[in-house]
Amino acid sequence: MKTRAAVLDGPGRLVVRDQTLRAPRRSELLIAVEAAGVMFAEVQMALGRYPGQPRFPFVPGYDLVGTVVDGPRAGQRVAAMTRHGAWAELVVRPARQVVEVPAGLAPADAVALVTNGVTAYQLLHRSARVRPGETVLVLGASGGVGTLLTQLAVAAGATVIGTASPAKHHAVRGFGATPVDYHGPGLPDRVRALAPDGVDVVLDPIGGPGFDDSWRLLAPGGRLVWYGSQSTLHATGVRFAPAIVALRKIAAWNARSRLRRDGRRASLYYVRNGTRAFRTDLATVLDEAAAGRLSSAVSARYALDQAREALTALSDGRITGKAVLEISGRGRALGAGAEDLQGV
Ligand SMILES: NC(=O)c1ccc[n+]([C@@H]2O[C@H](COP(=O)([O-])OP(=O)(O)OC[C@H]3O[C@@H](n4cnc5c(N)ncnc54)[C@H](OP(=O)(O)O)[C@@H]3O)[C@@H](O)[C@H]2O)c1
């Protein structure tokens with residue numbers, strides 16, 4: 001079976017071409033992809049900088065929404081987090097890893113919630129355990145995860161301060177946060193001007209030189225959750241080095257905080273699919289969006305053939321919210337069973 005896919009042939013080399021796809025096993029589904037997310041992880045993968053990425057060549061694509069092509073679930077619209085492989089017209093996924101998409105939610109809107117929605121929900125409710133009345137600092141509030149974090153934190157009754165480039169402050173404000181520019185020196189002072197006693201929660205996907213400030217901005221009892229290394233994209237050396245530095249800091253801060261008994265805590269978050277919590281939380285955010293209480297913040301749509309353009313726009317900082325690939329779903333258009341697809 002063949003499928004059209006965007007393939008990373010090597011660092012910076014993304015081409016769209018036909019790929020061979022193996023037939024699904026009994027426990028798997030053949031899915032005609034309708035939308036796939038574009039996110040920072042793929043920018044890192046394109047540079048060969050994402051910890052644990054496959055060897056080149058491979059098909060990137062962290063998440064997808066599509067329609068099951070055959071079997072008892074044929075015609076069902078499903079969502080899945082794949083980590084890689086979603087930038088294709090057809091994919092094969094384990095049936096236990098997919099979640100049904102509620103009716104009325106467009107594929108592009110749904111896909112924006114798969115990895116990013118679960119990440120945002122779990123950061124707030126499983127890691128930081130945000131409470132009504134707390135102040136939350138969302139770093140990168142204009143991005144794919146950040147726009148969802150902001151909305152979910154506001155819905156949880158928190159006051160949100162969100163960092164972003166000035167051109168995106170209007171959007172950040174629209175999602176309910178007070179925007180702060182992260183460029184140049186003095187970010188901690190700008191945050192303290194809004195929260196003189198410190199903040200209760202910092203959600204940090206940036207790491208790097210400003211990571212210490214994230215810790216220092218915490219009020220007693222505050223929680224810092226680190227979940228990305230956006231600022232170290234162009235670092236050289238071992239891919240895992242920024243993570244090792246951050247984890248050492250987290251261990252040292254927690255040890256010091258225990259001695260001082262100030263109640264502050266730092267932790268790492270990493271989204272895991274295939275778990276009951278992932279499926280439950282994905283269903284929750286999809287339902288929230290279907291009910292109109294959560295916006296997917298999709299602001300840019302590209303065809304599969306424009307995957308390179310989408311990646312460039314994201315890495316150049318030209319996207320506010322979320323970029324998605326809208327994919328033709330060729331298998332769905334065929335209305336075909338697996339056998340019919342042999343000659344595709
Ligand atoms: N741990 C996990 O399981 C997990 C899961 C999903 C995502 N993530 C992480 O979440 C982060 C966001 O991913 P995404 O796909 O949402 O990215 P995105 O859409 O590209 O958004 C990036 C955001 O970060 C801001 N930003 C970029 N460079 C920055 C810098 N040097 N300093 C401060 N802010 C900066 C951007 O602000 P402007 O555009 O306004 O300048 C934007 O708000 C990434 O680090 C990613 O690895 C982690």
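Is the crossing of helix 3 and helix 4 left-handed or right-handed? It is right-handed.

Before going on, the ground rules. This is a predicted model, where local features need pLDDT of at least 70, side-chain atom pairs count only at pLDDT 80 or more, and totals for chains, interfaces and linings use all residues. Residues are numbered from 1 along each chain as its sequence is written, and side-chain values use heavy atoms, with hydrogens and water left out. Helices (H or I, at least four residues) and strands (E, at least two) are DSSP runs, numbered from the N terminus.

Back to that pair. Helix 3 covers residues 115-127, and helix 4 covers 144-155. They pack at about 45°, with axes 9 Å apart. Axes here are lines fitted to C-alpha atoms, for helices over the stretch in contact, and angles run from 0 to 180 degrees between N-to-C directions. The two helices are therefore oblique to each other.

Who touches whom? Contact means heavy atoms within 4.5 Å. From helix 3, the residues include Asn 116, Ala 120 and Leu 124; from helix 4, they include Val 145, Leu 148 and Leu 152. By class, this contact has 9 nonpolar, 4 polar and no charged residues. Nonpolar means Ala, Val, Leu, Ile, Met, Phe, Trp, Tyr, Cys and Pro; charged means Asp, Glu, Lys and Arg; the others, Gly among them, are polar.

Helix 3 has another partner, helix 9, residues 276-290. Their axes come within 9 Å and cross at roughly 105°. That makes helix 3 roughly perpendicular to helix 9. Gly 117, Val 118, Tyr 121, Gln 122 and Arg 126 are the helix 3 side of this contact.

On a 1 Å grid over the protein atoms alone, a cavity is a set of points where a 1.4 Å probe fits but cannot get out. A pocket is an open set with protein on both sides within 12 Å along at least five of seven lines. Lining residues have an atom within 4 Å of a point. Grid points are joined across faces, edges and corners, and volume is the space filled by probe spheres set on the points.

The second largest pocket holds about 290 Å³. It has 16 lining residues, and the closest to its centre are Leu 21, Val 59, Gly 85, Val 91 and Val 92. Strand 6 gives the largest share of that lining, 4 residues. The lining has 8 nonpolar, 6 polar and 2 charged residues.

There is 1 cavity of 30 Å³ or more. The largest cavity has about 30 Å³ of space. Its lining includes Trp 215, Trp 253 and Asp 262. Helix 8, residues 241-260, supplies the largest share, 4 residues. That lining is 2 nonpolar, 1 polar and 4 charged.

Last, the backbone. Phe 56 to Pro 57 is a cis peptide bond, with omega near -5°. Arg 83 has a positive phi, near 65°. Arg 261 also has a positive phi, near 55°, and lies in the loop between helix 8 and strand 13.

Technical notes
Parallel < 35°, antiparallel > 145°, perpendicular 65-115°, else oblique. Left-handed = near helix turned anticlockwise from the far one by under 90°.
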